[in-house]
Amino acid sequence: MKRFLTTKGLIGIVLLLIIAAVAIIGPMVIPPDAATAMDMTARRAPPSMRHLFGTDQLGRDMMFRVILGARTSLEIAVSAVVMSIALGLPLGLISGYFGGFVDNVLMRLVDTLLAFPALLLALTISAVLGPNIQNTIIAIGVAFTPYLARIIRGEALRVAQMPYVEAARASGTTDGMIMIRHVLPNILPAVIVQGTISLAFAILAEAGLSFLGLGTQPPAASWGLMIQASRDQLDIAPWTAVVPGLAVALTVLGLNMFGDVLRDILDPRSK
Amino acid sequence: MTYVLNRLLSVILTLFLITLVTFAVTNILPGDVAMMIMGTQSNPEALEGLRESLGLNDPLLMQYGHWVWGMFTGEWGNSLIFKKPIAELLLQKAVASGIIVVMSMVIALALAVPLGVWAAVHRDKWQDTVSSSASLLGVSLPDFFWGIVMILVFARWLGWFPSSGFVEPSEDPLGTLQRAFLPSLALGLGLMAHLTRMTRSTMTGILSQEFIRVARAKGLAERTVIWRYALANAIGPVITIAGLQIGYLFGSIIVMESLFGYTGMGWLTYQALLNRDLPLIQSTVFVIAAVVMVTNLLVDLLYVVIDPRIRLG
Amino acid sequence: MKRRDFLRNSTAVLGGGFMGLSLPSALWAQETPVSGGTLIWGHSETTQNLDMHQTGTASSGRVLQNIHSSIVTVDKDLNVIPGLCESFEVAPDGLSYTFKLRPNVKFHNGAVMTSADVKYSFERCKDPATGAVNFEVFNNVAAIETPDDLTVVIKMSAVNAPFLSRLSENGAGVIMPVDSGPTQGTNPMGAGPFKFVSYEVGTVVKMARHDEYWEGPAFLDAVEAREITEPTTRLTGLRTGELHMINDIPLDRVGELQGDATLQVKTWFPLNFDFINMNHTFEPFQNPKVRVAFDMIIDKEALMQGALWGQGATTPSPSFPTSAAYNKDLKQRAQDIEGAKAMLAEAGYPEGSLNIVFKATTNYPYHIETAQILVEWFKMAGVNLTIEQLTWADWLSQCWVDKDYQMTMMNFFSLWESDFLYYSVWNSEGAFNYRAIKDPVIDELTAKARVTVDDAERAKIYQAVQKQIWDESHDIILWFRNGTIGAQPAVMGLDTVVHPNGSNLNFHKVWLKA
């Protein structure tokens, strides 16, 4: 626990705690309509006492939108990363543990997917499935899977050669058991580190997809969608970009810092 | 040698799989190019005629065969929406994108290497914190956000660069570079963060090694030790990591080129996708995937050359 | 009079139906045009196919209109007038059209236009193998005869009253030199004021003056249409002076630009009309009460201010506002949320029981804004509206072709000839009836108009059609939207740029002040 108490680790943890609190408590305190309620007499109003963070092109309060948007953005990011782990973990584990032919086949598949830039893959999936929150999650989740599978495979390959695994094999334990009992727990730290960092990328990916119109659907608030809407008014209403931009930046920053510290602790080789 | 052969074989196999995936996925895309050409002037009869004349009604297997065979024999066919030969379009746009990919890489390395070295030399001091904060900031905002900010600051307010567009290098080479600079800078910032961290950790590792201590003991100037000895050894891994980012760059240029109206490969891919110009999507996506694969292969081979200890299968 | 006031005044008369220009163009009328210079135009869209016949999109047409000339065209009041022909004549039975061509019209390749070129162009457009977008214009054409070099006689197999008007629209009426078809896609050639020079996909189309243009050479040496689809970037280009002119100023920025004394802004009216569509195969919308109630939920004026930032005028009728067919007696339903609630309850849909998906295309960003505002009002009326953003390809395939939607919205050019407009969009057999509307009254009226020769009588029939659409609330017709252009002060003759159809831009009489 002490090793989290570096400046970096502390900042990361505090940032994440604040953001998590906002995402969880926000919707309990603020009525859900507050993010979409319009005031046509106060379009693109600069920050003031009435609207602390200003309003957007439809006169919606940016503070309420960014708070309620936190939940959407984080929900998408977390679900997408969980999905990519759920897909990538078995793929990487089996590939790395068994090696040989199985590994060859699975890794060719992963290589094929890796050759497509992740955003292009997500874009295409989203175009095929149609735009909504669930499909955004699927698009990002699938696009991230090959990266996770690659990293998990490397870890599994390393662990599979450890003496205790050899020993378990010699004692006649089934492959399935060895994978669950011995390999999985040992690669978990790497998965957690990678997952944290992927979360940061997922938040950026959601923003990118929304930027191209394929992510979250209006009038719902998500940070990506808010930045997307701000691009046509940045010069006259900079707060419409700064507010969600800052929210994304702080979250990604928090995740990256936390991820770094986590890596130092869980994965000592990287030191 | 067997390693190289193996890698080559697997690249060819993967390229083949890429054609399959690309073809299959593009064919489940809803809508078709005939609708896009006719827009809201279309009616069922006219659409059917246009589909027939564009060859959209041919059996899928035949279309796939045509495409793959065409790629082999150099007959890349025509874009259905732009009515131009795909090979010509791709070549022109690949040059445009090549310029920003290279430029953003140069910008990223030019910023990341000194920053990373600086951080490593002053490890755990304030310089380290500044360096890592700067690089974290770069990666913490979506690159299109940087793009918007740059248009605003450098084009609108300061007027130093044109806000958008692309000019043929043959027509106005300086103009080409000017227009490529802002999108490259925006992409470079995102890339820089990653490379700074890589440089820092590689340099830290090297600085703690025996030969550095020996060099210092011999009384060499600290500057010589760091830049001549340490960096020379660190640059290989850093460039390797940089090479692996090519795939990331090709993903990011889709958004960045659309934003800057810089019409390169990313823009072409997005237009092809939006317009359901299947032959064009298939070819652009294949070329991008192939470029990414081949770069990865080259990087791997380079790594083997640089660091003979690595002999992974 | 301040520019602002001028706009307000012109908008006030728009309802009556006038072209509104916010530009005091009379000021410059005295200046003598000078020749020379290259106009850099920031074009809002990507040019796709250079073959005028195969081009369905307004974007390509906007550029190609400068390269081609049409056999007939329209004046400001949308009357068909001669173009490349000196005169035209319709036989009393409506079964033949005789065109007398202008002598000595030169194509860009130097050849003189003859009746053979006309015959070639029309036959090329009619041939299904060409893939021409407007091929159906020639559906009733039985034969094209060329008695001499300057006479073309078109024989029809059946009366087709809108034939001439359709020829004056994009595409169908352009004349290309004989046998130029195969190269039109790469090197478009016609008899327009500018010659095609080069085209870089997605970047620029370059054109140079055609010195032997039949209406006299243009002032500009050349026009460069740079394609800049990102609205803010286009605006920045205009402000920094990289561009002489841009079309399609983002609607929310028009006011800001009008306040800028260093730039010219021109708005005109109408560019197109917008309407909200309800799919008539979707059960709730089979009940006219639901459709009328939905109409009552919407405050059209507030919606127009919200989504178009006031750059338009509300209308209950889609007919061109100055045309005889425009029904002046119709008024849009006023917003009445309580009344709508009651009517919905009466129709069997009490509060909270209707969940509707509204599909809007990102191709028109103001459609997305419209939808977001609608959501709020529908919520007040107890209807749960959710938005699905679709790319243009998805909208076309889901809404237009597959009719797989509940509610959506679209816009069309208002210029359309009445028969084309009402028959294709509202007749149950109409090619553009993507709402699956089946109204025997409209079917009968639109069929009757086709064989009615008297113009005043036809106009009356179309007014009745508009009333029927409104009575039944088949669609909710919202507004006419303004077109916009912004330019540097040096660009002269801006009031001649916009073609009466409101979409095409013609640079023949534009010049640059030194």
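## Where chains B and C meet

Chain B and chain C touch each other, with 37 residues of chain B and 40 residues of chain C taking part in the contact. Keep in mind as you explore that this is a predicted model.

On the chain B side, the elements that supply two or more residues to the contact with chain C are helix 2, helix 3 (44-54), helix 7 (143-157) and helix 12 (265-275). Sorted by class, that side of chain B holds 17 nonpolar, 15 polar and 5 charged residues.

## Where chains A and C meet

Chain C also has a contact with chain A: here 14 residues of chain A meet 17 residues of chain C. The side of chain A that touches chain C is made up of 7 nonpolar, 5 polar and 2 charged residues.

## A look at chain B as a whole

Let us now turn to chain B by itself. Its secondary structure amounts to 13 helices and 0 strands, and the pattern along the sequence accordingly reads α-α-α-α-α-α-α-α-α-α-α-α-α.

Chain B has 313 residues, and 47% of them are buried. Looking at the contacts in chain B with a separation of 6 or more, 70% are between residues 24 or more positions apart.

## Two domains in chain B

How is chain B divided into domains? The domain assignment gives domain 1, covering 2-73, and domain 2, covering 86-306. Taken over C-alpha atoms, the centres of these two domains of chain B are separated by 32 Å.

The two domains of chain B touch as well: 16 residues from domain 1 and 15 residues from domain 2 make up the contact. Which elements of chain B give two or more residues to the domain 1 side of this contact? They are helix 1 (2-28) and helix 2 (33-38). Helix 1 of chain B gives the most to that side, with 10 residues. By class, the side of domain 1 that touches domain 2 in chain B has 9 nonpolar, 5 polar and 2 charged residues.

Methods: Residues are numbered from 1 along each chain as its sequence is written. Chains are lettered from A and ligands numbered from 1 in the order in which they are written. This is a predicted model: local features need pLDDT of at least 70, side-chain atom pairs count only at pLDDT 80 or more; totals for chains, interfaces and linings use all residues. Two residues are in contact if their C-beta atoms, placed from the backbone, lie within 7 Å. Ala, Val, Leu, Ile, Met, Phe, Trp, Tyr, Cys and Pro count as nonpolar, Asp, Glu, Lys and Arg as charged, and the others, Gly among them, as polar. Domain bounds come from an automatic or database domain assignment. Helices (H or I, at least four residues) and strands (E, at least two) are DSSP runs, numbered from the N terminus. A residue is buried if 20 or more other C-beta atoms lie within 10 Å of its own, exposed if 12 or fewer, and partly exposed in between; C-beta atoms are placed from the backbone.
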